[in-house]
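Here is a short briefing to read with the model open beside you. Take it topic by topic, and look up each element as you go.

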Amino acid sequence: MADGCDPEGRDLKEMDEEELWDLINDNRHRISLGVRPGILIPYLRQARVLTEMDEDEILSRHSLINRSMRTSYMLDLLRTQGRNGAVALLESLMIHYPTLYTQITGRKPSTEPSRFSGLIKYSELTEYLVRAVTGMQKELQEARCEADRMSARCASLESEIGQIVGHQEQSQCLQSENERMQRHLRSLQQEVTKLKDEKCDLYVRYTSVIEEKSAANIRLHDLNLQVYQLQMELQKAHSETEFHKRCSLRCALHAEMPQLQEEVRNLRCQLVKAEKLDPARQDILAQDLAEAIGSQAELAEQLRSYRQENEKMLADKQGLLEQREGLSLQVQQLTQDCDMHQQKNAVIQTQMRDLQMERDHAYQSRDEAQAMIARVLAEKDVLRCQLVELQEKVFSLQVSHSSRERRQSSDGGEVDRENLSSLPKEPPTPTRQRLRRMDAVNPSSFCSPENEDAAVSSIRSRNAEPPGPESLRRREELLYADSSLETETESLLDDFVFLPNLETEDQRRPRLHSSSKPSGAISPKRTSPPPFLMRSRQKAFRVNGRVLSISFQGDGLLCQLVVVGGNKSGVFVHRVTDGSPAHSVGISPGAQIVEVKCQQDQKALRMVLEDSTLEEAMWALGQITGFCHISLRPRQHDYEALLLQLQKNKASSGDSFYVRVNMSLPAGPGGTLAVSCNDILHVTNTWPAGAEDSWYASQVHPCQMVDLQSGTVPNYYRAQRLLIRAIEDMSFRAKKSQKNNEKAVRIVSTGRQGRNPLWVSVEGEKPKGTDAGDTSTAKSCVSLMPYTLVTPHYPPICRPVLLLPTVLGHILNKKLAGWQGFELCEPEVLSPSEHAVLLQRSEILEECEQGRNCCYTLKSVEKVMKKGIHCVLPLGLDCVRRLHRAEIFPIIIFISQSSRSARKLRSKLQRHSQSEGQLLACSQNEEPLLDKLPCLYHSVAPESWCDQASLLTNLRTIIWEEQRKIVWVEPDVW
C-alpha cells in the first residue's frame, strides 16, 4: 500500500496477476468501506469481467446485508477473473474514486487512453466516459439548481414574512374596528329592544280599545232592543186604550170613567218621564251608531281585500296545478325516453360485443394472412436471388460460348469453305432453338446496318440466330393483330416499356451456311426490313406489373434521369434526357426504379430502391459508373397520383417516415425547426430544394397522428457531426451552469458499422462517397445515431404501469394498486416443467424467488389487462423488451431523486429496510439505462411533489395523460 503519490512508479501493465491482487488485498478493508458496488458494476460489466447474473447476486442477495459485504463479495467474484478482474477494478477506481486509486497504487489518476489496459474498446470506453461525465455534470447541475432554488425559496420566504407583518397590522386595525362596530351594534340592539317594548305596549292598548269598542257596540245593541220593546209596548198600550175606550163607551162609560182617567194620567206621567230621558240616551246611541257604521265600513273594506287576495290565490293555485300536470307529463315522457335509451344502449352493447368478436376474428385472419404473405415474400426473394444468379451464369456462359465459337470459326474456316462447295444448291432448313421470353437486353454492342433485320426479328429470343422465314411471317401476323388491339386500348400503353433495336455479338457473326443460299431468295429479306418493323420507336411489350431489367451505359446517370418519389410512394423516373443512353434503351417517365446493379472497385454492388428514400436513391444513382443493370416496374397510375399531390402541394415528396430525435437542436435561420431530445418528427422530404444537408420534417401531436409545426432539420450525417460536437463539448469543456434541466443528448449506438443505419438499399456493402467534400454522399459513419426510426402503436385502454427507481417502486406499488382502476401483478408458482416451457418461450418476465419457480409471467399481466384496469408491475427494466415482444407497452415513469426528495421518504424507506443512500444509488444506476429503452418514458421532477400523497396524485394524473398518447417504439438497432 502506497499512501504517497509516485507518478514515476511501476506501471500496472508491467505487474502480474499475483502482484495486482496482493496490492488489492492489502487495501481490501479500505475498498470495502469506501466503495459502492453499484457505481463500479457498469464499468465492470462493460469490461466483461462481471455478468448480469453476478450483478444480480451482488445487489440482490439477501445474505449480503450491507455495502461492505457486497463490495467484498464483488472482489471475490473479480478474483476468479484473474488479472483482467484486477485491472478492470483498478481502472474503475481510477474513474470513479481517484483519491482511493491514488492511495492504493500511488499513481495519479488519468483518463488518457494509453493508461487503460484495452479490456474495453475505444468507442465503448469513450461512450462510458461520456456517460460518467454526463452523470457528474448532472449531479453538479442538480446541486447548483438546488442552491438556486433554496436562495429563491429564502427570498420568497422573506417576502412572505413582510407580507405577513403587513397582514398582521391590517388585522389589528380590523380588530379594533370590529370592537367598535360590536359596541355600536350592542347599543343599536338595546334601542331595538326598547322599540319592541313600546310596540308591545301599543299593541296592548290597541287591544283594550278594541275590546271597549266591542263592549260599547254590544251595549248599543241592547239599548236599541230596549227602545224597540218600549215602542212596541207603547203601541200596544194605545191599541188597548182605544179598545177599552170603545168598550167603555158601549158598556159603562160612566161607571168606569174615573178609573180610566186615572190610568190615562199614569200613562201620561210615564210618557213624560220617558221623553225626558230619551235625548241623552239618543245622543249616546247616535254616537255609538256612527262608530258602529265606521267599523262596519272598515270591516267591509277588509272583507273586499280578503276576497281579492282569495281570488288571486285561487288563480295562482290553478296555474300551479297546470304546471304540475305539465311536469308530470314531462316526467312520464322522460321516463319513457330513458327506458328507450336503456334498451338502445343494451342493443348497442350487444352489437359492440359482436363487432369486437368480429374484429378479433378479422385481426386473427389478418395476422395469419400477413404471416402467409411474409413467408411467400421470403420465398419469392429467395427465388428472385436464385433467378438473378442464374441469369448472370447464363450471360457468362453465353459470352464464353461465343468466344469459343469465334475461335473455332477462325481455325476451321478453310475446311468449312471446302464443305460448302460440295453441298447441293438447295440448302437444308437450319434448326433453331426454342424461343424464350427475353428478361433483359444487353446493349453491349449495337446492330450493324447489314444485320439490322436479324437483330430486330430476334428481339424476343435468347438465340443469337435470326428466325427463319416461316417464323417471321407468323410473327408479322401476330404483331399486326397487336397493333389493332393497341388502337382500341390506348390506356394500356401506360404500363409498356419500349425496347430499342439491339443485337448481340453473336448476331454480328455471319452464319456459315448463309453463303450457300441463293442470293435471289434472300435479297428481299436482307436489303429491307419487314413492314411491321418500319417505325421510329419499336412496339411496346405489356409487362403486367412484372419487373423488367434493362442494361445500358450508366455514366452520369443523374444527368440522364430526373427522379421523384420516396420511401412511401416509390422512386419514379420523372424525366429522361433526349439522346442519352437511358433514352436510347427505352426508359420512359412513370417507371418505378426497383433495383440497380453495377460494379464498383471490381466488386458487384446491388442496391434495392423499392423502399428507399429520395436522398438514398439520389446517392445510389450517383454511385453508378460504367455498365449497369436497372430493374423497372411500370406504375403509371401511382406516378400520376404522386404528381397530382406534388402539384396541389399536398406533399413535398414521396418520403414519409417517423424518427426519434436523440439530441437538442436550437432554432436557426431559414425556417430551421427547434427540437428537443426525445421529440418525434415526421420526415416528409429528405431532398428539399434549396436546403443542402437538410430534411423537411414536422413535429407530431403526442396523442394524434397530426403534424404540428414544420421546418427543416439537419440530415443524418450533419446531425451526427453536431451530436459528436455536443458530446465533445460536454466531455472536455467546462460549461457554465444552466437554469434548465432539459436533456441535451441521448447516446444511442448501433452495431451496423460503415453505412447509414436508416438506409435500406445497400445490404452487406459499405458505401463509399464519390466526393470527400460532398456532405450529401454517404460516408463511413460511427456508431452514434442522432435519429432513430420509430413506429406508432395504439395500445388498449389500460396499459401496465412500471415505476422507477425500483427501490421507490416497491414502496409505491401497493399504494397505487389500492386505488380504483389499478391492480398489482401477482407472481405465479410454476412446476419445473411449466417453468422450463415458459422460459423457452420467453414468457417469464422476472423471477421473484430463487429455487421455488415463483415468477412473474406474461399470462399474469394479460389477466389483469383483460379486466380493463391498469396492471402495476413490481419489476425492473429488463421486462420492458419482453413485454414489447408480446405487443404490451407499459407506461414507464421515472421519479428523479435528490438528497432533499429522499429525505421526504425517510420514514417510508425505513419501514422497508432501505436507506436514502440506497435510493439515490438505485436512481443513479437506473437513470442511464432509460436511454437504452426502445420507447419513451416520463420523468417526474423531485421538486414537483412534497409528500407521498401528492406524489401518488401526480402519478395518477401522469398515467391518465400517458394513456392517451401514442406509443412510439424503436426497432432493434443491433
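The protein has 27 helices and 24 strands; helices (H or I, at least four residues) and strands (E, at least two) are DSSP runs, numbered from the N terminus. This is a predicted model, in which local features need pLDDT of at least 70 and side-chain atom pairs count only at pLDDT 80 or more, while totals for chains, interfaces and linings use all residues. Residues are numbered from 1 along each chain as its sequence is written, and side-chain values use heavy atoms, with hydrogens and water left out.

**The whole protein**
- Of the 974 residues, 34% are buried, where buried means under 20% relative accessible area, exposed over 50%, and partly exposed in between (1.4 Å probe, protein chains only).
- The protein exposes about 60,400 Å², with carbon and sulfur atoms supplying 54% of it; these areas come from the Shrake-Rupley method with a 1.4 Å probe.
- Among contacts between residues at least 6 apart in sequence, 72% join residues at least 24 apart, a contact being heavy atoms within 4.5 Å.

**The antiparallel sheet**
- Five strands form an open sheet in the order β13-β12-β11-β10-β14, with antiparallel pairing; two strands pair if DSSP finds at least two bridges between them.
- β13 (707-714) and β14 (787-789) stand at the edges with a single partner strand each, so one side of each is left without a neighbour in the sheet.
- Neighbouring strands of this sheet are turned by 40° against each other on average, direction ignored; axes are lines fitted to C-alpha atoms, for helices over the stretch in contact, and angles run from 0 to 180 degrees between N-to-C directions.
- Within this sheet, β10 (residues 657-661) and β11 (residues 680-685) are joined by four bridges, and Tyr658 has His682 in β11 as its bridge partner.

**The parallel sheet and its helix**
- Another open sheet has five strands in the order β17-β21-β16-β22-β23, with parallel pairing.
- Its edge strands, β17 (822-824) and β23 (938-940), each pair on one side only.
- Here neighbouring strands are turned by 30° against each other on average, direction ignored.
- Two bridges join β16 (residues 801-804) to β21 (residues 870-873), and Val872 in β21 is the bridge partner of Val801.
- Helix α27 (residues 948-964) lies across β16, β17, β21, β22 (891-895) and β23, and runs at about 145° to β22.

**A helix pair**
- Helices α1 (residues 17-26) and α6 (residues 83-96) pack at an angle of about 45°, their axes 9 Å apart.
- The contact is made by Glu17, Leu20, Trp21 and Ile24 of α1, together with Arg83, Gly85, Ala86, Val87, Leu89 and Leu90 of α6.

**Backbone spots to look at**
- Most residues other than glycine have a negative phi, and most peptide bonds are trans.
- A cis peptide bond joins Leu804 and Pro805, with omega about 0°; Pro805 lies in the loop between β16 and α20 (806-817).
- Ser842 has a positive phi near 60° and sits in the loop between α21 (832-840) and β19 (844-849); Ser842 is partly exposed, at 38% relative accessible area.
- Glu887 also has a positive phi near 60°; Glu887 is in the loop between α23 (879-885) and β22, and counts as exposed at 52% relative accessibility.
- In the hairpin of β7 and β8, with two residues between the strands, Asp601 takes a positive phi near 55°.
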